[in-house]
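Thank you all for coming.

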Amino acid sequence: MQVRGAVFVGQNQDMAVEELELDGPGEGQVLVRYDASGVCHSDLSVVNGTLPLPPPSVLGHEGAGVIEAVGPGVTSVAVGDRVVASFVPACGRCWHCSRGEGNLCEQADFGGEIYRRPDGSRIAAGMGVGTFAEACVMSESRVVKVHTDLPGEQLALIGCGVTTGAGAVLNTARVAPGESVAVIGCGGVGQAAIQAARIAGASVIIAVDAVQTKLDVAAKLGATHGVLAGNGTDPVGEVKELTRGRGVDYAFEVIGRSDTLAQAMAMARRGGAAVAVGVPDMTATLAVAIADLVISERRLLGSLYGSAMVRAEFPRLVRFAETGQLDLDSMVSRVVGIDDINDTFRSMQAGEVIRSVIDY
Ligand code: COD
Ligand code: ZN
């Protein structure tokens, strides 16, 4: 079948929207026709070289759609099912999946070079689910069936940003009622973390961002305090001041910078934890005083894809949205067509949006 898709053609170059030929699903594979795709900062991180993925490929990893065809042997979904794509496979059988660590699934599955370009060359979906094209073929382990009437542009966000941010709070840190939280970086992923902290019953939720409008949205979604970061500011001091000098139980770094991760460590109380959600370039390291780790019993936790078991997590997040606890509508700042994909990166960098969503 013929689909339109945005092709990542080279580092720091605009993506090219092309007509692509897509093969049908093979053994154990499904064909998903996307309703919508969110545009996450990690897609930009691939294009600007922070996350090393070679061009050319079809990026996008936050999408929801409908199963259009299934290959032989597929059992978990059928034609017509609504699904959210999972950019980490969830095979359910490997060593990690069996231990409840589905986000670390060991299945080595990259659907192969499924798209054929007009010049005859073949390319793959760079993050496995190709949500920057109208449709994609992938292993059935990468789709989760959901029963819901939520609009596609809201459902798509569950594929990455919401699961990554909310899961960091609910699964990685397991924030308990009454605890205190700081979230550094209030883009799509950070706003989901703020909402999850509210759902978890955190009593103090401090949003930290360099852009005031992000703090305004955070206040609407559950933040009890906002701290404007940037030149000449002291976010660590302000967070300490808001917590009687002690610091927060959990400080989440949701940008992908080593300096703000150091801030998160400094914001965590004695016995508290910093949670690294963002990923800076692959060489970045963090200098931590070992004495501080021991004497202050501060912990540093990594969180990948919200430590989520997606087959349970996606439906849970859908229920939170349906019951009004999770406000996805406020996270969708712009709905655009695939031809506007390059402008969504510009508006993300300009701090204009929480999430841009491509509507197919
Ligand atoms: N201090 C405070 N706020 C800042 C600063 C700073 N120095 N710099 C930027 N910010 C704010 C921005 O104003 C913005 O509001 C926010 O940080 C970042 O938001 P977005 O919308 O650009 O980014 P998200 O929410 O889409 O993504 C954040 C991630 C941390 C997930 C992402 O960038 C990342 O690190 N990805 C790699 C990790 C990964 O692959 N995860 C799985 C797939 S996402
Ligand atoms: Zn993402």
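Let me start with how I use the words for accessibility: buried means under 20% relative accessible area, exposed means over 50%, and partly exposed is what lies in between, with a 1.4 Å probe and protein chains only. By that rule S307 is partly exposed, with a relative accessible area of 23%.

Please keep in mind that this is a predicted model, in which local features need pLDDT of at least 70 and side-chain atom pairs count only at pLDDT 80 or more, while totals for chains, interfaces and linings use all residues. Residues are numbered from 1 along each chain as its sequence is written, chains are lettered from A and ligands numbered from 1 in the order in which they are written, and side-chain values use heavy atoms, with hydrogens and water left out.

Helices (H or I, at least four residues) and strands (E, at least two) are DSSP runs, numbered from the N terminus. S307, then, is found in the loop between β16 and α10 (310–322), and its phi is positive, about 45°, although it is not a glycine. N12 also has a positive phi, near 60°; N12 sits in the loop between β1 (2–8) and β2 (16–22) and is exposed, at 59% relative accessible area. As for the backbone elsewhere, the peptide bond from P55 to P56 is cis, with omega near -5°, and P56 belongs to the loop between α1 and β4.

Now to the metal. Which residues coordinate the zinc ion (ligand 2)? They are C40 through SG, H61 through NE2 and C160 through SG, at 2.0 to 2.3 Å, where donors are N, O and S atoms within 2.8 Å of the metal (3.2 Å for Na, K and Ca), and where sites may look incomplete, water not being among the atoms. Along the chain these donors follow the spacing C-x20-H-x98-C. C40, in the loop between β3 (29–39) and α1 (41–47), and H61, in the loop between β4 (57–58) and β5 (63–70), are 21 residues apart and link distant parts of the chain. C40 is buried at 3% relative accessibility, and H61 is likewise buried, at 1%.

T148 lies in the loop between β10 (143–145) and α3 (152–155) and is buried, with a relative accessible area of 10%. Its side chain makes a polar contact with the side chain of E322 at 2.6 Å, a polar contact being a pair of N or O atoms within 3.5 Å; within protein, one must be able to donate a hydrogen and the other to accept it, and residues adjacent in sequence count only if both atoms are side-chain atoms.

Finally, the sheet, in which two strands pair if DSSP finds at least two bridges between them. It is an open sheet of six strands, in the order β13-β12-β11-β14-β15-β16, with parallel pairing. β13 (225–228) and β16 (299–302) stand at the edges, each with a single partner strand, so one side of each has no neighbour in the sheet. Within this sheet, β11 (residues 180–184) and β12 (residues 204–209) pair in the parallel sense over five bridges, and the bridge partner of S180 in β12 is V204.
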